[in-house]
Amino acid sequence: MDAGAALLRRLDPETAHGLAIAALEAGLAPSAAADPPALATEVAGLQLPNPIGMAAGFDKNAEAHAGLLRAGFGFVECGTVTPRPQAGNPRPRLFRLAEDRALINRLGFNNAGLEAFAARLHGRGPGVLGANIGANKESPDRAADYVAGLRRLWGLPDYFTVNISSPNTPGLRDLQSRAALDDLLGRLAESRASLGGRAPLFLKIAPDLDEAGLRDIAESVVAHGMDALIVSNTTLARSEGLRSRHRGEAGGLSGPPLFEASTRLLRNLRAIAPDLPLIGVGGVASGADVYAKLRAGASAVQLYTALIYAGPGLIARLKRDLLARLHADGFATAAEAVGAT
Ligand SMILES: Cc1cc2nc3c(=O)[nH]c(=O)nc-3n(C[C@H](O)[C@H](O)[C@H](O)COP(=O)(O)O)c2cc1C
C-alpha cells in the first residue's frame, strides 16, 4: 500500500476522501509513464491509452480529473452530478469494511450541481473524461433531470453516463424497468439528436438484476441507440463471507465481494447482445481482475474501492500485470483480449 493511502486510512473515510481530492487537484499525485501501445483499447469510438478507468463517485464535482488522468488512468468518469446541488444523506454514510477490502456507501448523490460541474469542465486538459448524470432526490420528473444534465453539459465531456443504478436514491432503480427505461432513453435520444451531435451515451446498471431484467435493458439500450453499458454499480446483496463489523450497514457494497456477480453479468450481456460495447466495474483490484473482465466481454474496466485501499501506485501495478498476462496468452493488445473465451 502507498504511504499516502496508509495515512488516509487512519482518518474518517469522508475526511480522507476530501484530502485525496485536494491533493489531486493541487497536482500532488505522481505522474505516470506513457502507456505502451499494447494497452490501447477502444470503447464506442473513444480511443483509450489503457483500459483502466476511474469509476464514478470518486470525483463527483469534477475537481480531480486532471490529477487522476496524470496518475495513469486511461479515462476518468466524473459525477454523479444532479441538476441542483444536493447534500446527500446524513453522516455517517460511508463505511470501510477493511477485513473485506470493501466499502458500503449510502451517500445519496451529494454533489455541487450542474453549474459548478460545467464550470470545472471548461478549458479542461487532454484525456478521456465522462460525465455521469443523475436525478435530484426530490425531483417530480426524474427523466427530465437526465435530459437537463445532457443539455447543460453538452460539448464538455467525451461521453455521458446515465446512472439509474444507485441504490441510495429511493426509487431510482425503478427506472431500470422496461416502460420507464424506454421513456427515459427515448427522451435522451431525442435530446441528443436535437443537440446535433454524437457524444456517446452509456447506461450504468445495477448488479441485482435477473435474466429477464437484463434482456429488457439490452433490448431497450439497443433500440434507442445507446452506445455502451457500464456493468455495474454497487450491490444491495450481502455475501455470506463478509467479516467486517460494518457489513450490516444500509447502502451499496463495493469491492471484491462484488467481483463475481458483476463479472457474471458482463458474460451474460455479452451473450445476449454481442455487439453492445461493455465497461466492466466491480471489485477490480488486480491485473488478473482486469484481464478477467476483458475476457468476459468488457472493452475497458473501471475501479473505485481498490484505489482507496491500495493508493495510486495500484494503477501502474495493474498495467504491468495485465501486460504480462496479455503477453503470456499471445494477445498483441488489450483490445484483442476483449471477449476472448
Ligand atoms: C463511495 C462511493 C461512491 C460512489 N458514487 C457513485 C456515483 O456517484 N455514481 C455512480 O455511478 N457510481 C458510484 N459509485 C459506484 C462505483 O462507480 C462503482 O460502480 C462501484 O463502486 C463498483 O466498483 P469498485 O468495486 O471498484 O468500487 C460509488 C462507489 C463508492 C464506493
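In this predicted model, Asp227 and Arg192 pair up in a salt bridge, with their closest N and O atoms 2.8 Å apart. Asp227 sits in the loop between α7 (211-223) and β10 (228-231), while Arg192 belongs to helix α6, so the bridge ties together parts that are 35 residues apart in sequence. Both partners are buried.

Arg187 forms a salt bridge with Asp141, and here the closest N and O atoms are 2.9 Å apart. The two residues are 46 positions apart: Arg187 is in α6 (residues 178-195), and Asp141 is in the loop between β7 (128-133) and α5 (142-153). Arg187 counts as partly exposed, at 29% relative accessibility, and so does Asp141, at 31%.

Arg295 lies in helix α9 (residues 287-295) and Asp329 in the loop between α11 (313-328) and α12 (334-337), so parts 34 residues apart in sequence get tied together. Arg295 is partly exposed, with a relative accessible area of 24%; Asp329 is partly exposed too, at 44%. Shared partners also join Arg178, Asp182, Asp216 and Glu219 into one salt-bridge network.

As for the whole structure, the search turns up 17 salt bridges. The protein chain carries 36 positive and 34 negative side chains, with the centres of the two sets 5 Å apart. Its fold has 12 helices and 13 strands. Buried residues make up 55% of the chain.

Technical notes. Residues are numbered from 1 along each chain as its sequence is written. This is a predicted model: local features need pLDDT of at least 70, side-chain atom pairs count only at pLDDT 80 or more; totals for chains, interfaces and linings use all residues. Side-chain values use heavy atoms; hydrogens and water are left out. Helices (H or I, at least four residues) and strands (E, at least two) are DSSP runs, numbered from the N terminus. Buried means under 20% relative accessible area, exposed over 50%, partly exposed in between (1.4 Å probe, protein chains only). Lys and Arg count as positive and Asp and Glu as negative; His and the chain ends are not counted. The place of a charge is taken as NZ of Lys, CZ of Arg, CG of Asp or CD of Glu. A salt bridge is a side-chain nitrogen of Lys or Arg within 4 Å of a carboxyl oxygen of Asp or Glu.
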